[in-house]
Amino acid sequence: MIELTGIKAGYGATEVLHDITFRAETGKITTLIGANGAGKTTTLNCIAGILKPTTGQILWNGEDISKLSPAAIVRRGISLIPEGRHVFPDMTTAENLQLGAYTRKDKAGIKRDYDWVFSLFPKLKDRLGQLAGTLSGGEQQMVVVGRALMANPELLLMDEPSMGLAPIMVEEVFRVIKEIINQGKTILLVEQNAALALETAYHAHVIELGHIVLSGTGKNLLKNPEVEKAYLGL
């Protein structure tokens, strides 16, 4: 379980998060929805260690990780899939995937996870020698997800995984998200497609201007009139 309590954070003198408190249960999908600039990505960056909170705690399996480095957080089983498909463009698909397993020494486990990634994304087998920067947007997203999975995380932080993708690729991404959960992983999902995120998530939180203003199951928030009006275009 990941649990945030009283998190405040920002950039320079600008505070973006104001007393963020929520938790994501093990083995389930929890989603954060909200408008651009609400603080969703900042929340993920705090968990990943990219941004340090000014106050509050981030507990992961009972340990406060809020002051740890990103590398230390990865070693504890948390991987971030950042917004914008950040592949290493001048490295091959295979090299990008290998980077995900950089901190691991278990060769059998690495081989197992390679096979799992290829079962999720069969296309990547045909792209192993291709420079990642020359792949399509959908294929780059496959590489980014696969690279994160190669770290063998318990918790996967996914920031806008469907952004800029064709509808057929969006369906593919959410199919994979469900497959990942079926393997016992935990996902904290930030997603611009609020309807799809709420349909998929077990639990959901609405962030507005750095505050959690609404929480509930994904299905319940999907039917909430305020959410329908603000985020679902209904």
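Two strands are taken to pair if DSSP finds at least two bridges between them. In the predicted model described here, strand β4, which spans residues 55-60, and strand β5 meet this condition, pairing in the antiparallel sense over two bridges. Within this pairing, L59 has D64 of β5 as its bridge partner.

The two strands belong to an open sheet of four strands, in which the order is β2-β1-β4-β5 and the pairing is antiparallel.

Two packed helices are described by the angle between their axes and the distance between the axes. For helix α3, which covers residues 93-100, and helix α5, the axes come within 6 Å and cross at roughly 30 degrees. Because angles under 35 degrees count as roughly parallel, α3 and α5 are described as roughly parallel to each other. The crossing of α3 and α5 is right-handed. On the α3 side, the contact is made by T93, N96, L97 and G100, which meet V143, G146 and R147 of α5. Sorted by class, the residues in this contact of α3 with α5 comprise two nonpolar, four polar and one charged.

N152, although not a glycine, has a positive phi of about 55 degrees, and its place is in the loop between α5, residues 137-149, and β7, residues 155-159. The relative accessibility of N152 is 31%, and N152 therefore counts as partly exposed, a class that lies between the limits of 20% and 50%. E160 likewise is not a glycine and has a positive phi of about 55 degrees; this residue is placed in the loop between β7 and α6, the latter spanning residues 167-182. With a relative accessible area of 6%, E160 is buried, since buried means under 20% relative accessible area.

Notes:
Residues are numbered from 1 along each chain as its sequence is written. This is a predicted model: local features need pLDDT of at least 70, side-chain atom pairs count only at pLDDT 80 or more; totals for chains, interfaces and linings use all residues. Side-chain values use heavy atoms; hydrogens and water are left out. Buried means under 20% relative accessible area, exposed over 50%, partly exposed in between (1.4 Å probe, protein chains only). Axes are lines fitted to C-alpha atoms, for helices over the stretch in contact, and angles run from 0 to 180 degrees between N-to-C directions. Angles under 35 degrees count as roughly parallel, over 145 as roughly antiparallel, 65 to 115 as roughly perpendicular and the rest as oblique. A crossing is left-handed if the near helix is turned anticlockwise from the far one by less than a right angle, and right-handed if clockwise. Contact means heavy atoms within 4.5 Å. Ala, Val, Leu, Ile, Met, Phe, Trp, Tyr, Cys and Pro count as nonpolar, Asp, Glu, Lys and Arg as charged, and the others, Gly among them, as polar.
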